[in-house]
Amino acid sequence: MSTSMIESIKRLEERLRKAMINSNVDELDILLSPELIFTNHLGQKITKQQDLLAHREKLFTIKNLTLKQLEILPAENVFIVSAQVELVSEAGGLEVTTPLRFTRVWCLNHALKEALDPLLGKDQRARSENGWQVIAGHSSVIC
């Protein structure tokens, strides 16, 4: 895969990081696949709708999400990302700092790409680097 595609995934990762910090549900909706399967650091399976609801309802707040390390592995039709982060979050009035490792799989959503192709150059916010979305993810606490 080309260097420009890896740069696109880096940009998408940054958009995702900012959307998580800002609880930007509209941006998260663009970046997360409808078929998302995410396993959180407690082993719980989270769907896209559950994740969006948690951000919308402010069930927790991400105060900061500092990227410590990022690796991107291109594979056939997907990109696998491993990111080490420091998460500062707040829930129920308690602020917690947690070192985490995220693994994410970015997949090209062909239906999204076809729908957005006519918009390219018109509405840059409405597209996800020409159809790339997170379809699977996992987070683990770093001990």
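Start by selecting helix 3 (residues 48-56) and colour its buried residues: Lys48, Asp51, Leu52, Ala54 and His55. Buried here means under 20% relative accessible area, with exposed over 50% and partly exposed in between, using a 1.4 Å probe and protein chains only. Because these residues cover an arc of only 160° around the axis, they sit on the same side of helix 3; the arc is that of the directions from the helix axis to the C-beta atoms.

A word on what you are viewing: this is a predicted model, where local features need pLDDT of at least 70, side-chain atom pairs count only at pLDDT 80 or more, and totals for chains, interfaces and linings use all residues. Residues are numbered from 1 along each chain as its sequence is written, and side-chain values use heavy atoms, leaving out hydrogens and water.

Helices (H or I, at least four residues) and strands (E, at least two) are DSSP runs, numbered from the N terminus.

Now show the partners of helix 3. Its buried residues pack against helix 1, helix 2 (25-31), strand 1, strand 2 and strand 3, with contact meaning heavy atoms within 4.5 Å. Just after helix 3, click Lys58, which takes a positive phi of about 55°.

Six of them form an open sheet in the order 2-1-6-5-4-3, with mixed pairing; two strands pair if DSSP finds at least two bridges between them. Strand 2 (45-46) and strand 3 are the edge strands, each pairing on one side only.

Finish at strand 3 (residues 61-75) and strand 4 (residues 78-91), antiparallel and joined by 13 bridges. Find Ile72 opposite Val81 in strand 4, then Asn77 in the hairpin, with a positive phi near 65°.

Conventions. Axes are lines fitted to C-alpha atoms, for helices over the stretch in contact, and angles run from 0 to 180 degrees between N-to-C directions.
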